[in-house]
Amino acid sequence: MQITLAGVFSLVIFASLVTEGYQNLTTSSQLHCIFNDNGAACCYGITVGVLSFLQCFLFLGCDVYDTCITNHKFKYAILILDVTFSMTWTCLWFIGFCILANQWNRSTHSYLLGTSAARASIAFAFLSVPCWGYLAYLAVKNLWAEPPVPYKWTLDEGSVALTTLSTSTTTSLPNNMGFPENMGAASYPSTPVPHRLTLMNTDD
């Protein structure tokens, strides 16, 4: 729901600036940006609005197919991107609101059709800041709730596991050779070794 609302805000902002953001005076046919004739302000609002709108659709699609994503690493990467982009758009819309509001206050020309577009873009840029901030909060919350990616075993851990596996496998192998199991101990009688003192010459 929040991502859809953020997309609607972005759509209103760049649509208002594209349709009525550039106006001309009655004495001239040249188009000027309604924000103090500053083309950078209009370009900033349109660019950020379009990119934000496209990102909303991208992550909305990820939310729809969230249950179909079985790869844990891929899902974890999507959550990290969600946190990063949500924080980024929060900062960008705050900067955009400051730029648009400042340039509108400094505007010296009054256009016939640009006033409503300017006020709408400023208002929705302001509303986009808490909206994206809340989306960033939800993204961080989901990231903390997601279990971490399983770590990869080191070479030492793998060798220990391999040694243990080989030992258990060797001891559990069936005796298919036809020899008795305790042949090494029972086939040859053990001769007691005499003590060294018995080998000495006692005639001296």
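Colleague: What is the handedness of the disulfide of C33 and C42?

Modeller: In this predicted model, the torsion about the S-S bond of C33 and C42 is about 80°, so the disulfide is right-handed. The two sulfur atoms are 1.8 Å apart.

Colleague: Are C33 and C42 buried or exposed?

Modeller: C33 counts as buried, at 3% relative accessibility. C42 is buried as well, with a relative accessible area of 0%.

Colleague: How many disulfides does the count come to?

Modeller: The count comes to one disulfide. A disulfide is a covalent bond between the sulfur atoms of two cysteines.

Colleague: Let us step back to the whole chain. How many helices and strands does it have?

Modeller: The chain has six helices and two strands. Along the sequence they follow the pattern α-β-β-α-α-α-α-α.

Colleague: What share of the chain is buried?

Modeller: Of the 204 residues in the chain, 26% are buried. As for contacts with a separation of 6 or more, 78% of them are between residues 24 or more positions apart.

Colleague: Now helix α2: how many residues does it have, and how far does it reach?

Modeller: Helix α2 has 26 residues, and from its first C-alpha to its last it reaches 38 Å. That is close to the 38 Å expected at 1.5 Å a residue.

Colleague: What caps the N-terminal end of α2?

Modeller: N38 does, with a side-chain oxygen that lies 3.1 Å from the backbone nitrogen of A40.

Colleague: Which residues of α2 are buried?

Modeller: They are A41, C42, G45, I46, V48, G49, S52, F53, Q55, C56 and F59. In an α-helix there are 3.6 residues a turn, so residues three or four places apart point the same way.

Colleague: What covers those buried residues of α2?

Modeller: The cover includes α1 (2-20), β1 (22-23), β2 (32-33), α3 and α4 (114-145).

Colleague: How far apart are V12 and G49, by their C-alpha atoms?

Modeller: The C-alpha atoms of V12 and G49 are separated by 8.4 Å, although the two residues are 37 residues apart along the chain. V12 has its place in helix α1, and with a relative accessible area of 25% it is partly exposed.

Colleague: A change of topic: how many aromatic pairs does a search of the whole structure find?

Modeller: The search finds eight aromatic pairs. One of them is formed by F59 and F85, and it is edge-to-face, with 6.1 Å centre to centre and 65° between the planes.

Colleague: Where in the chain do F59 and F85 sit?

Modeller: F59 is in helix α2 (residues 39-64) and F85 is in helix α3, so the pair, 26 residues apart, links distant parts of the chain. F59 is buried, with a relative accessible area of 8%, whereas F85 is partly exposed at 35%.

Colleague: Which residues form one aromatic cluster?

Modeller: F14, F53 and F57 form one aromatic cluster.

Colleague: Back to helix α3. What is S86 in contact with, leaving aside its neighbours within four places in sequence?

Modeller: S86 is then in contact with Q55, W132, L135 and A136. S86 lies in helix α3 (residues 72-105) and is buried, with a relative accessible area of 1%.

Colleague: Which residues does the UniProt annotation "transmembrane region" cover?

Modeller: According to the unreviewed UniProt entry, that annotation covers residues 43-65, 77-102 and 122-140.

Colleague: How much helix does the model show over residues 77-102?

Modeller: Over residues 77-102 the chain is 100% helix and 0% strand, with the end C-alpha atoms 38 Å apart. Residues 122-140 are likewise 100% helix and 0% strand, and there the end C-alpha atoms are 28 Å apart.

Definitions and conventions
Residues are numbered from 1 along each chain as its sequence is written. This is a predicted model: local features need pLDDT of at least 70, side-chain atom pairs count only at pLDDT 80 or more; totals for chains, interfaces and linings use all residues. Side-chain values use heavy atoms; hydrogens and water are left out. Helices (H or I, at least four residues) and strands (E, at least two) are DSSP runs, numbered from the N terminus. Buried means under 20% relative accessible area, exposed over 50%, partly exposed in between (1.4 Å probe, protein chains only). Contact means heavy atoms within 4.5 Å. A disulfide is a pair of cysteine sulfur atoms within 2.5 Å. Rings of Phe, Tyr and Trp (its six-membered ring) pair if their centres lie within 6.5 Å; planes under 30 degrees apart count as stacked, over 60 as edge-to-face and the rest as tilted. The expected span of a helix is 1.5 Å times one less than its number of residues. A polar contact is a pair of N or O atoms within 3.5 Å; within protein, one must be able to donate a hydrogen and the other to accept it, and residues adjacent in sequence count only if both atoms are side-chain atoms. UniProt positions are given in the numbering used here, feature names are shortened, and annotations may be inferred rather than shown by experiment.
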